[in-house]
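Reader: Could we go through this one together, starting with the rings and then moving on to the ligand?

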Amino acid sequence: EESSIPADKPRILLMGLRRSGKSSIQKVVFHKMSPNETLFLESTCRLYKDDISSSSFVNFQIWDFPGQVDFFEPTFDSEMIFRGTGALIFVIDAQDDLMDALTRLRLTVSRAYKVNPNINFEVFIHKVDGLSDDTMIETHREIHQRANDDLADVSLEKVHLSFYLTSIYDHSIFEAFSKVVQKLIPQLPTLENLLNIFISHSGIEKAFLFDVLSKIYIATDSSPVDMQSYELCCDMIDVVIDISCIYGLMEDGSGCAYDHESLAIIRLNNTTVLYLKEVTKFLALVCILREESFQRKGLIEYNFHCFRKAVHEVFEVSGSSEAFSVFPAAS
Ligand code: GDP
């Protein structure tokens, strides 16, 4: 139902040359496809809204060119496309010739910037799994340099591009998406603060607020993120959702793998505990803590309750009750 999809969710556009990896990224991040299966994806002509908006915190669309997107075509409505966009991700295949991609990047950025100077421009230097470390650094440097020179040539040196090295074969694509999404959340400092307070009062080592469907983390406490912790938490979400799908649904397949009651605790044999709990319709808190701290489970539960309430308030006061549509309609 269209009206239940608020316009103020973080809106992200994924663009890039054909075969750069856009649909693979979409399938892996938002549809749990395994990276190897993307080898058999057909390159289709598509220009559509992905249907994840009703099940994720993130609202996201893919645009492909050449093909559907031709800036010189009078029917191409760049106003309509760029106006409401928060971030434009441009995917460059790092294993392919860079010339075409860089030309497209310049055209895209200058066109989009004219319509909406507030867009965040995010460049994914993609498929870096196939590159040696040296080549990766060199490719990064070259793309960074040439992309900025190209913009300076058209007097757009003030436009800022951010670069990420990504691959669907590891967690780098999720990490990059997380950073892109976080920039679009005005409440981020408040969420970080709440997470800091929550973990320091509960003896927790690390906490992430996750978009459950995509495993993008939309906020974390201010201690540094190490990839292993992040991967561990991602794996936990997969396990919990898989188990719920297998054992949690009704016989006719109805029911929901993630809901208000969702809670999971996994003890690892190295005295680490993983703790997952529902925060909103789309978001879950996933924490890493020591076994000793977990003895004070009542305290953690109480603090979680306060944290959850505060997160709900953060999203409620930040606009209509529909903001981010994390709450059931209040009717
Ligand atoms: P699109 O036309 O931009 O949507 O590109 P596709 O998603 O169809 O991807 C084109 C090809 O690139 C597929 O064969 C994918 O398996 C491959 N691909 C996508 N992402 C990666 C990546 O991170 N690493 C490698 N090595 N290949 C990838």
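**Aromatic pairs and the ligand shell**

Author: Bearing in mind that this is a predicted model, the count comes to 12 aromatic pairs.

Reader: How are the rings of F210 and Y230 arranged, stacked or tilted?

Author: F210 and Y230 are stacked, with 5.8 Å from centre to centre and 5° between the planes. This pair links distant parts of the chain, since F210 belongs to strand β7 (residues 204-211) and Y230 to helix α7 (residues 227-248), 20 residues apart. Both F210 and Y230 are buried.

Reader: And what about F304 and F307?

Author: That pair is tilted, at 6.4 Å centre to centre and with 45° between the planes. F304 and F307 both sit in helix α9 (residues 297-317), 3 residues apart, which is about one turn of the helix.

Reader: Why does F307 count as buried?

Author: F307 counts as buried because its relative accessibility is 4%, and the cut-off for buried is under 20%.

Reader: Switching to the ligand, how many residues surround it, and which are closest?

Author: The ligand is surrounded by 19 residues, the closest being R19, K22, S23, S24 and D129. By type, the shell divides into 4 nonpolar, 9 polar and 6 charged residues, and helix α1 (residues 22-30) gives the most to it, with 3 residues.

Conventions:
Residues are numbered from 1 along each chain as its sequence is written. This is a predicted model: local features need pLDDT of at least 70, side-chain atom pairs count only at pLDDT 80 or more; totals for chains, interfaces and linings use all residues. Side-chain values use heavy atoms; hydrogens and water are left out. A residue is near a molecule or strand if one of its heavy atoms lies within 4 Å of it. Helices (H or I, at least four residues) and strands (E, at least two) are DSSP runs, numbered from the N terminus. Ala, Val, Leu, Ile, Met, Phe, Trp, Tyr, Cys and Pro count as nonpolar, Asp, Glu, Lys and Arg as charged, and the others, Gly among them, as polar. Rings of Phe, Tyr and Trp (its six-membered ring) pair if their centres lie within 6.5 Å; planes under 30 degrees apart count as stacked, over 60 as edge-to-face and the rest as tilted. Buried means under 20% relative accessible area, exposed over 50%, partly exposed in between (1.4 Å probe, protein chains only).
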